[in-house]
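Biologist: I am new to this structure and would like to learn how to read its charged residues and its helices. Could you take me through them step by step?

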Amino acid sequence: MNDIKITALANGVRIVTDEMPAVESVSVGAWVRAGARFETDEFNGVAHLLEHMMFKGTPRRTALQIAEAIEDVGGHINAYTAREVTAYYAKVLKEDAALAVDVIADILQNSLFDEDELSRERSVVLQEIGQAYDTPDDVVFDHFQSTAFPDQPLGRPVLGRPDIVGQMPRDAVVGFHGRHYHGGSIVLAAAGNMPHAALVALAETHLSHLVAGEAEPLSPARYAGGERRETRELEQVHFVLGFQGAPVGSDDYYALSVLSNLFGGGMSSRLFQEIRERRGLVYSIDTFLSAFSDNGVFGIYAGTDPDLIEELVPALCGEIAGLAGSLREEEIARARTQLKSNLLMGMESTGARAERVGQQMLLYDRVVSVDELVEKIENVTRESLAGLAQRVFATQPSLATVGPETAMESFDTISRRLAA
């Protein structure tokens, strides 16, 4: 990891490179501290709509020309909006890296936000929301998030609500861009065959005119817990049960990663073997971590037949309640090895490496070395895992379901099972 180099421009833009001289490509992008968590309730969905609008034309390029500029050289360009970050990234051959930086810098700074384009893009995003609504295993996670973090930005859907997005005024989009797209909120990151000095020179050329600024502070995330059940005529019940987790990058986060892997991270995990293989109660079951800068959740997702939910829930609660006192050294070692392997395998991808250094610079103002990450994983012990499991599973549960009406027991009963 000695190939990682960092430079900051006078306006606060940070440049980070992870050079890989043996490859022929470069993944480069801008990571912006401007996700959905920075929205007000009045304009929920503006961060994601803004991301769409960034590709709709600048004084130099039409929307088609933005796409053609990258695809004409065999590359690809894309973007995503998350709760704390929005990213714009491209992958190209090494000789086209300057073009990729030019295009990304152009859309970041010079997007026109044309009113006609905005009207069309509202319609596109409404269709995206409709598609997500038709996907119950997406809906259940939005319901879970709003239950875990109610009445605050972290609990609102990233795509926004249709009634708001459909009427989103141009002033709201332009205003959000003005508040959050400045030097102090942007990291330009690249991984691949890209010398650091070359990226710094491109940043000086294309991004030095950005206004300086400081990232807007976030109101603290307040985990609450509770339940939300949505009745739909479906073949399965989609079920998520979770607890308060840990902030991204904390020591507890790495320990929870080990716990999540051994509990529901693969075919050898406890939940897969007990709930699916031995009992046949589900087709899919797994655990997940959602971690943010100051809080997080540890959760379990399952999809099951409505007639099996009555048996699934007590069985799952039993596995949760018994986990802390029954951890085995061999399963912890296997989970640690799987996490390290996934980390090291990901280092073979320029895209994964650019994402890693871009996000870490944005969130921590430094890049955590692979050696440090491996050490944090190795330092997880059975004793520390047992104590962490007890603390996590003692928090108020968050429960969300989408599917047919069932005889699943009450939230209070589930809570008592977990407490016992």
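Biologist: Let me begin with placing a residue: in which helix does Glu310 lie?

Modeller: Please keep in mind that this is a predicted model. Glu310 lies in helix H11, which covers residues 309-323.

Biologist: Is Glu310 buried or exposed, or does it count as something in between?

Modeller: A residue is called buried under 20% relative accessible area and exposed over 50%, with partly exposed in between. Glu310 has 49% relative accessibility and therefore counts as partly exposed.

Biologist: Which residues gather with Glu310 in a patch of negative charge on the surface?

Modeller: That patch brings together Glu235, Asp305, Asp307 and Glu310.

Biologist: Turning to salt bridges, how many does the structure hold?

Modeller: A salt bridge is read from a side-chain nitrogen of Lys or Arg lying within 4 Å of a carboxyl oxygen of Asp or Glu. The structure holds 28 salt bridges, and one of them joins Asp102 to Arg60, with 2.8 Å between the closest N and O atoms. This pair links distant parts of the chain, since Asp102 belongs to helix H3 (residues 97-110) while Arg60 sits in the loop between helix H1 (46-53) and helix H2 (63-71), 42 residues apart.

Biologist: Which residues are linked with Arg60 and Asp102 in a network of salt bridges?

Modeller: The network also takes in Arg61 and Asp106.

Biologist: Why does Asp102 count as buried?

Modeller: Its relative accessibility is 13%, and therefore Asp102 counts as buried. Among the buried residues of H3 are Val101, Asp102, Val103 and Asp106.

Biologist: How far does H3 reach from its first C-alpha to its last?

Modeller: H3 reaches 20 Å with its 14 residues, which is close to the 20 Å expected at 1.5 Å a residue.

Biologist: What can be said of the salt bridge between Glu274 and Arg279?

Modeller: The closest N and O atoms of Glu274 and Arg279 are 2.9 Å apart. Glu274, at 16% relative accessibility, counts as buried, whereas Arg279, at 36%, counts as partly exposed.

Definitions and conventions:
Residues are numbered from 1 along each chain as its sequence is written. This is a predicted model: local features need pLDDT of at least 70, side-chain atom pairs count only at pLDDT 80 or more; totals for chains, interfaces and linings use all residues. Side-chain values use heavy atoms; hydrogens and water are left out. Helices (H or I, at least four residues) and strands (E, at least two) are DSSP runs, numbered from the N terminus. Buried means under 20% relative accessible area, exposed over 50%, partly exposed in between (1.4 Å probe, protein chains only). Patches are made of residues with over 30% relative accessible area and no salt bridge: like charges are joined within 9 Å, nonpolar side chains (Val, Leu, Ile, Met, Phe, Trp, Tyr) within 5 Å. Accessible areas come from the Shrake-Rupley method with a 1.4 Å probe; for residues, only the protein chains shown count as cover. Lys and Arg count as positive and Asp and Glu as negative; His and the chain ends are not counted. The place of a charge is taken as NZ of Lys, CZ of Arg, CG of Asp or CD of Glu. The expected span of a helix is 1.5 Å times one less than its number of residues.
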